[in-house]
Structure formats: structure tokens, C-alpha cells
Amino acid sequence: MSVLAAVQRRIQGHAGWRRIARVAGVGAVLCLAASLAQAVPSYARQTGAECASCHVGGFGPQLTPYGIKFKIGGYTDSDGKDGKIPVSAMLVANFTRTAKNVSEGDKVEHFDTNNNAAMQEASLFLAGRLTDNVGAFVQSTYSGVERKWALDQVDVRYARNLQLGGKETTIGLSLNSNPTLTDPFNTLGQWRFPYTTSDFNAGFGPSPLVESLGGSVVGANAYAFFDNSIYAELGLYETLSKTGLNMINAGDAGKFKGVGTYGRVAYFKDMKRDNFSVGLFGFNADVQPDRSDLGTADNYRDLGVDASYQYLGNRRHIFTVNASYVKEWQKLNYTFGNLAESDNLKNSLNQFRLAGSYHYNQTWGATAAVFDTRGNTDVTRYASSLSGTPNTSGYVLQADWTPWGKENSWMSPWANVRVGVQYTGYNRFMGGSSYLDADGNERRARDNNTTMLFLWTSI
Amino acid sequence: MKMHHICFAICLTALLGNSQSWASGDPKKGADVFAEECGDCHSVAPGKNKKGPNLLGLNGRKAGSVVDFSGYSDAMKQSAIVWNPERIDAYITQPRKVVAGGKMKYDGLPDAGARADVIAYLTTLK
């Protein structure tokens with residue numbers, strides 16, 4: 001079985017990532033990125049707090065300290081009133097224009113080679129307090145691009161507070177479907193800017209495994225938040241069976257040999273007017289790409305650092321900075337040893353992300369971000385790269401308007417909308433300023449520069 | 001007699017001085033302090049409760065008495081506190097010292113000036 005074919009079949013979650021996988025070549029990524037956009041008004045109805053209490057800019061998912069603590073607390077805080085229904089819905093529609101039409105091979109099925117309008121996501125959430133100590137964040141999405149639904153996100157938590165050494169401590173357990181889904185900061189894969197991207201966007205290059213598993217795994221995580229400052233989490237992950245994957249329409253990352261191990265520590269300081277966090281995270285898994293040929297596995301070991309800063313003040317002028325760096329060590333025992341579809345037994349990937357935002361009056365937002373992914377040369381693995389590397393870098397600029405989401409907003413907290421424009425510019429794509437597209441023709445990185453207009457609403 | 005007058009004057013000065021410390025708070029600055037320190041959990045919009053009770057008309061109110069707020073701790077309901085500037089100041093300085101067993105997850109506001117400002121702001125809301 002061709003691993004390329006296997007990977008392409010397995011990558012069902014996201015059209016943009018699917019295209020990356022194609023241009024990246026054999027098994028370069030196991031990109032099963034789950035839905036990026038999340039906004040959950042049922043939490044606001046449960047707590048009585050406006051969206052802006054939990055989210056920077058009055059709209060998800062960038063969390064304030066209040067939102068961070070709400071998540072760590074297991075989504076269970078409330079205004080004390082019963083009868084709240086933990087259900088929300090969300091819709092994301094967009095129009096995408098790329099600098100140059102994509103090739104026929106890169107065209108998304110059902111759509112044109114450029115200038116595409118789509119109802120990208122229609123999601124239903126089970127999100128909120130289920131019991132005094134159990135809460136949920138579960139998202140199911142119909143993709144108007146993929147033309148199918150999937151169970152995107154599952155994070156069901158038990159949390160309780162106790163005193164440890166005289167300090168307030170929250171401890172919890174999470175049953176979840178994605179290693180970085182559980183994280184309370186906006187620096188790791190699942191919750192990092194950009195919070196919505198077009199499925200017609202070319203993507204940001206190969207990603208480390210820790211943020212590429214989408215809903216294809218199930219994890220059991222234990223975490224603790226000590227003295228409102230030290231966060232620690234340990235998770236064990238197993239891949240779903242083929243039957244399980246088919247039931248929820250999730251992509252297949254292959255089968256883990258043993259369990260995947262996720263670890264996370266962070267120091268968080270909330271000074272009310274502003275706050276910061278610094279942390280470390282890591283993931284280790286042995287992946288058997290072909291379920292019909294088990295035994296030999298590719299090993300992926302990810303180690304990252306991250307940091308964030310928020311100036312909130314009186315909430316009129318809010319500044320944030322989020323940064324992360326991840327290094328991935330790959331030992332391709334199967335891909336190199338069994339299939340010879342890599343030049344090297346050992347490869348590495350380095351990913352850097354930085355985003356800064358400003359929001360005025362919880363309404364008007366501007367965000368600038370850079371992305372930079374680099375890897376060593378592997379001509380076979382990165383077949384679409386003219387240099388043999390997967391190096392991809394560029395920037396994202398976004399301006400958005402969120403008219404509601406404040407305490408006194410119209411129909412608060414039911415009516416929520418964000419309208420924005422996002423521009424993605426590429427300096428390098430798959431190795432340099434040019435690469436080979438799916439039809440084998442040379443294409444410039446900047447041809448992928450993308451402008452997206454989006455409408456994101458939730459109730 | 002003269003001594004009585006002196007004592008009275010000292011007491012009056014002390015009382016006025018205390019009152020003036022609240023009066024010196026700036027409600028405008030206090031609105032910002034409220035937004036930074038309190039607004040995530042408390043509202044001053046009429047009838048609106050969040051994780052914590054509404055703080056509109058707090059001055060002179062009995063603790064634990066907002067009728068449609070059901071999140072009070074037993075400790076708060078049984079505290080017999082009637083909120084006035086002095087009690088508010090003591091509470092927001094060290095909440096757990098004033099109401100041991102209370103639910104409010106707040107470590108306290110050590111800046112006396114900021115406390116005066118936010119109290120001045122709250123006492124203007126009726």
C-alpha cells in the first residue's frame with residue numbers, strides 16, 4: 001500500500017490541510033486538523049457573564065483569565081440558577097480569493113479554482129455544566145466544503161477544588177479527542193491564532209504530530225492548577241479503531257503502538273490589569289501508518305515552549321501576544337525502513353508562531369501573526385519541494401468587528417457575530433519561493449496569498 | 001469641660017478623616033478598577049447577576065440578600081454584615097478574613113487608593 005495514498009485517504013478533516021499533505025508528499029504530515037472556529041454562548045447563559053468576560057474581543061476563543069479558570073474548573077461555574085440548557089450552535093461562512101487560481105489537482109471538490117464562497121462550518125455544541133463537577137465541550141460540525149459532518153471536538157471534564165498546602169487548587173480529569181484541545185492558553189495548536197481559516201487557504205506547512213491528530217484519538221488527561229498559578233497536565237492517548245473513526249467521520253492518523261503521551265506545565269500570573277504565562281509541552285507517540293501492516297512504527301517526539309501576555313486594563317484597550325516554538329524529532333522506522341519513502345531515518349521539524357492583537361472596546365480587533373516552519377532536507381518525503389525541505393513561512397493579518405458580546409449588547413448573550421477580513425501572505429511555501437503544485441507545475445509561494453472575508457455567528 | 005471638648009474634637013476629626021478617605025475616592029477611576037477587578041463576576045446593571053451577586057445599591061444592603069441570586073455561601077448569608085464603605089473596604093482587602101468560608105475567589109485588593117476609588121464608584125450607584 002502506498003503511504004501517500006493511505007495518508008491522502010486518511011486526511012479527511014480539512015481541505016486546506018489535505019492540500020498541504022498532497023504537496024508535502026509522502027507521509028510528511030498526518031494533518032487531521034479539527035475545526036478551528038469555536039464560540040459558545042451557552043457558557044455565557046450558564047454563568048450570567050457576557051462573552052467578553054471569558055474572551056478577548058467579545059468573541060471566542062481567545063481566553064481571558066476568567067475564561068481560563070472557567071475551563072480549568074470543568075466548564076461548571078454558573079450564576080447559581082438551574083435550568084440552563086448546555087447547547088449552542090455556530091455558523092461560519094466565508095469568501096476566499098487566492099492570488100492565482102489553484103491547479104486542477106489542488107482544486108477542492110465541488111468548488112472552483114478561485115473565488116469560492118462557502119458555508120464552511122455549521123456546528124452544534126453540547127457545552128456547559130452537566131453536574132456540579134462535570135462539564136462538557138463537545139462540537140459536531142457539518143462542513144459545507146467537505147459536504148459531511150464530523151465529531152470535531154470532545155472534552156468532557158470532572159473538576160473539583162481543594163486546599164493543597166493551604167493553597168487553592170483545582171484538580172481535574174478530561175476525556176478528550178485532541179492533545180492540545182484541553183489547554184487553557186491560546187498558544188498551542190488547537191487554540192492558536194488564526195481562530196478561523198478558510199478551507200481554501202493553502203495552510204501553514206507541515207505541523208508537528210501534537211497538533212495534527214484532530215479527532216482521531218481519545219485521551220485521558222489528569223491536570224492540576226495550583227494556587228492560581230501553576231498548571232500541570234498529563235495525558236495518555238490511544239487511536240480510535242477504524243469503526244470508531246467511521247462512526248464520527250474522523251480522519252485516520254494510523255494506529256499508535258502503545259499510547260501517545262502528552263505533558264504540559266505552565267506558570268500563569270494574573271495581575272487583573274494584565275497577565276502572562278510561560279510553559280513547556282511535549283508529546284511522544286509511535287505511529288503505525290498502515291493498519292494492515294502493523295509492527296514497525298514511526299516515532300514522533302515533540303517538545304515546545306510557549307508564552308503569552310495580555311494587557312486587559314479596563315477592557316477598553318486590550319493588547320495580547322501569544323508565541324510558541326515546537327521542535328519535532330521524527331524517527332521514520334516504517335516510512336524509511338519499510339517503504340523507502342523517506343531519504344532519512346531521522347528528520348526534524350521546527351515550528352514557530354507569533355501573534356499580537358489589539359482590541360478596542362471589545363468590538364474592533366486587529367491581529368498580526370507570523371508563521372515559520374522549517375525542516376531538514378528530504379527530497380523523497382517532500383516531493384513537491386524544489387529544495388527538498390518543507391520550509392514554509394509567512395504572515396497573517398486580520399481585522400474584525402464584533403458588534404455584540406458585551407454586557408449591554410442587543411440580545412446578549414444570544415446574538416453573537418464577528419465579521420472580518422483576513423489576509424495570508426507567503427514568503428516561502430514547501431521549501432522556498434516556488435514549489436510544485438499537484439499537477440507538477442512550478443507555482444510561486446506568493447500565488448497562494450489568500451484574502452478571506454468571513455462571517456462567524458453563534459447562538 | 002475643656003478636656004471633653006478636646007476629646008470630642010479628636011473623635012470628630014477621626015470620623016471625618018475616615019469619611020474623607022472614602023470621599024476622596026474617585027468614582028471615575030473606580031469604574032476602571034471595577035472593570036479590572038470585579039466586572040467579570042459582578043454586574044451593576046439592574047437585576048443582572050453573574051457568578052457573583054449584583055452590586056447595584058450595595059451600600060446599605062444586608063449581605064446575602066439579593067433575592068434572585070442563589071449562589072451565596074452559608075457563611076455570607078449568616079455574616080450579618082450590612083455593607084457600608086468600611087465593611088466593603090475590609091472585605092475587598094481580605095475577603096476570606098472577613099467572611100471565612102465565603103465563595104468569592106478573590107485574593108484581595110491591597111492598594112488602598114484603588115479600594116477607595118471602587119467604593120466611591122459603588123456608592124454612587126443606587
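**Close-up views of helix packing and nonpolar cores**

**View 1. Helices H4(B) and H6(B) cross in a right-handed sense.** Right-handed here means that the near helix is turned clockwise from the far one by less than a right angle. The model is predicted: local features need pLDDT of at least 70, side-chain atom pairs count only at pLDDT 80 or more, and totals for chains, interfaces and linings use all residues. Residues are numbered from 1 along each chain as its sequence is written, and chains are lettered from A in the order in which they are written. Axes are lines fitted to C-alpha atoms over the stretch in contact, with angles from 0 to 180 degrees between N-to-C directions; helices (at least four residues) and strands (at least two) are DSSP runs numbered from the N terminus.

**View 2. Residues of H4(B) meet residues of H6(B).** B:Pro85, B:Ile88, B:Asp89, B:Ile92 and B:Thr93 face B:Arg115, B:Ile119, B:Leu122 and B:Thr123 in contact (C-beta atoms, placed from the backbone, within 7 Å).

**View 3. The largest nonpolar core has 32 residues.** Such a core joins buried Ala, Val, Leu, Ile, Met, Phe, Trp, Tyr and Cys residues through C-beta atoms within 7 Å; buried means 20 or more other C-beta atoms within 10 Å. Among the members touching the most others are A:Tyr43, A:Cys54 and A:Phe70. H5(A) gives the largest share, 4 residues.

Notes: Contact = placed C-beta atoms within 7 Å. Buried ≥ 20, exposed ≤ 12 C-beta atoms within 10 Å, placed from the backbone.
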